[in-house]
Amino acid sequence: MGNVLKYLVFFILLPVMVVQAKELTVTDVTALRQAVEEAKDGDIIKVKKGVYLINHLEITSSIELIGEPGAILDGQNKGEIITVKANNVLIKGLTVQNVGSSSTIDWAAIKVLEARNVQIIENIIKQGFFGIYFSASNQCLATGNIIEGSPLNEQNTGNGIHAWKCDSLFITENRVSGHRDGYYFEFVTNSQVEHNNSFANMRYGLHFMFSHQNAYRDNVFEHNGAGVAVMYSRNVEMTRNKFIRNWGGAAYGILLKDITDSHISQNTFDYNTIGVVMEGCNRIGFEKNVFGNNGTAIRIQANCENVICQYNDFLNNSFDIETNGNAVNYAFNSNFWDKYDGYDLDKDGFGDYAFRPVSLFSRLVGRIPEAMMLFRSLTATLLDRIEKVFPTFTPENVKDLTPQMTPNIV
Amino acid sequence: MIKILKYILIDILKNRFVIGYTVLLAILSWAFFGFEINPEKAVLSLLSLNLIVVPLVCLVFPTIYLYNATEFTELLATQPIGRRSIFLSQYLGIALSMILAFLIGVGLPVMAYGGGEAGLRLILTGTLLSLVFVSLSFLAVMLTADKAKGIGITLALWFFFALLYDGLVLLIYLIFSDYPLDFATMGFAFLNPIDLARILVLVEMDVSAILGLTGALFKDFFGSTYGLFFALVALLLWFIWPVLAALKIFIRKDL
């Protein structure tokens, strides 16, 4: 009976709510500002084509702000443009540009403060200091946004999509370029980051810290200053991402620092100086990844434990695995190594003797970086050959007992 | 002098060993470029060839040739020809034919397949390495009249520069690993023409990024025109001093 009454009340009130939700179209700045300030929950404000010179537009009610094609909000490099302080806000189709930079305040093209269910869809952000900034917000969505910058240096720019202390975010199908970090998450939990693109950023394509239970799928991180760096997080899932062309003295495909209980599978690491660097990681599974054309495919510091690496393909890397200790606890099973020169007499698909992916020369370089001077010299090649026949210096237990004869994936 | 040079040059170019050397280089180069889709990878493979085979041949062949031509040299010395011109025409004859063999065997394929800046450096350093090791072999021959001893010295030289030197450098690194050795590393590179040639080519390639800090230093230095100039001067010195030393011995030598 109580339920029926609820529905009754709902259906009687519904027409009233619909009547209350107005739809407004604005064509100039004053009208836009007024409309946003006076809006009631549920209103829709449409922004006509044109350039609106505006800063500090604060959204404090649950509205939909929808830009028609060619609607441009220009901040003239004077500061933040849109600030959302209400739940259930939708911002769609706007071009937001020229935020300007500040060294004390994190100005953003679109900032979301302590809100729930804010949706930011298909906007174009140009020269935003920070692009989209979520702060202490939950259940928010950012999808289909294009965020571009052309900064002079790392200090003059913020992050493309920045999230701090958030839960359950959905970040999908965005494209970020020319920022400090493409995607930056700190204290963000239970979030999904899918089908995004991050390229030509000054520092990292993706950077997260203290962000647990997040999944990163089908993203492409290409040609960023220092690749991708992720730290101090648990239960991270990374699947089908591509880490490509992060090439340079201090660049790596992905740096994993203090990451625990995580799975990294079906990713592609191509043309990176170092594909993966692991420091202080525990219980990490690498499965079905492809490492191709990297300087070093994986560098595992000896402070990592329980790293399981199986069914991966290693192709054309200068060094496959580098490590700096002897008492290590990693397992390599059933990977394909293009450097394996063994045979398979019993035709079970696995090589008949173990493959040792750590070369003596890479060990030497790990201890004495200057020894890299001897890279590709006859001496270095000979040392590696001898070590292969009688392994004495390379860690005894870093070996793949069942190396595949044919690639697992490619 | 021109006449003697022409005679020696033709004599060497007809030599089966030199033709064989040219053909070997050519086959290997074309094969590397044929197998590798990426020309840079082929240049990398050629680099190893450049650093091992070229010094070895340029040391052993001139030594054997000079010992076999002892009587001819003595005959020339009885004629009214200065010893300087006898020596220089022999040196130029051998050096030019070695360079020609290298340019045909390696230079042509590299140019044909477009080796880029690294390819150009490969050709340049290969040519200079040929000169350096021909010079060293002349010095070795002048030091001893005994053929077996002479070949022994040249092989020892090859062994030292191709293998032993790097081993020694590694040992120094291990002993002094507590000290910063970045700049010492530069010095080590200058003291061995083979290392110098290798680094000059490597810094022009993508792989240089994996060389880390040392690589960055090298790239800064050897990648610049300034550093290239210094390195080339060093390689020039490496072939000029043995020639001058050998010439000095030859002029005073009792044949």
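In which sense do strand β28 (residues 252-265) and strand β31 (residues 282-287) of chain A pair? They pair in the parallel sense, over five bridges. Two strands count as paired if DSSP finds at least two bridges between them.

This is a predicted model, in which local features need pLDDT of at least 70, side-chain atom pairs count only at pLDDT 80 or more, and totals for chains, interfaces and linings use all residues. Residues are numbered from 1 along each chain as its sequence is written, while chains are lettered from A and ligands numbered from 1 in the order in which they are written.

Stay with β31(A). Five bridges also join β31(A) to strand β34 (residues 305-310) of chain A, and these two run parallel. Follow A:Gly285 across. A:His263 stands opposite A:Gly285, and A:Gly285 stands opposite A:Ile308 in β34(A).

Now take chain A as a whole. Its secondary structure comes to four helices and 38 strands. Helices (H or I, at least four residues) and strands (E, at least two) are DSSP runs, numbered from the N terminus. The C-alpha atoms of chain A fill a box of roughly 85 × 60 × 30 Å, taken along the principal axes. Of the 410 residues in chain A, 44% are buried; that takes 20 or more other C-beta atoms within 10 Å of the residue's own, with C-beta atoms placed from the backbone.

Next comes the partner chain. In chain B, 30 residues are in contact with 20 residues of chain A. Contact puts the C-beta atoms, placed from the backbone, within 7 Å. α7(B) gives the most to the side of chain B that touches chain A, with eight residues.

Conventions:
Two residues are in contact if their C-beta atoms, placed from the backbone, lie within 7 Å. A residue is buried if 20 or more other C-beta atoms lie within 10 Å of its own, exposed if 12 or fewer, and partly exposed in between; C-beta atoms are placed from the backbone.
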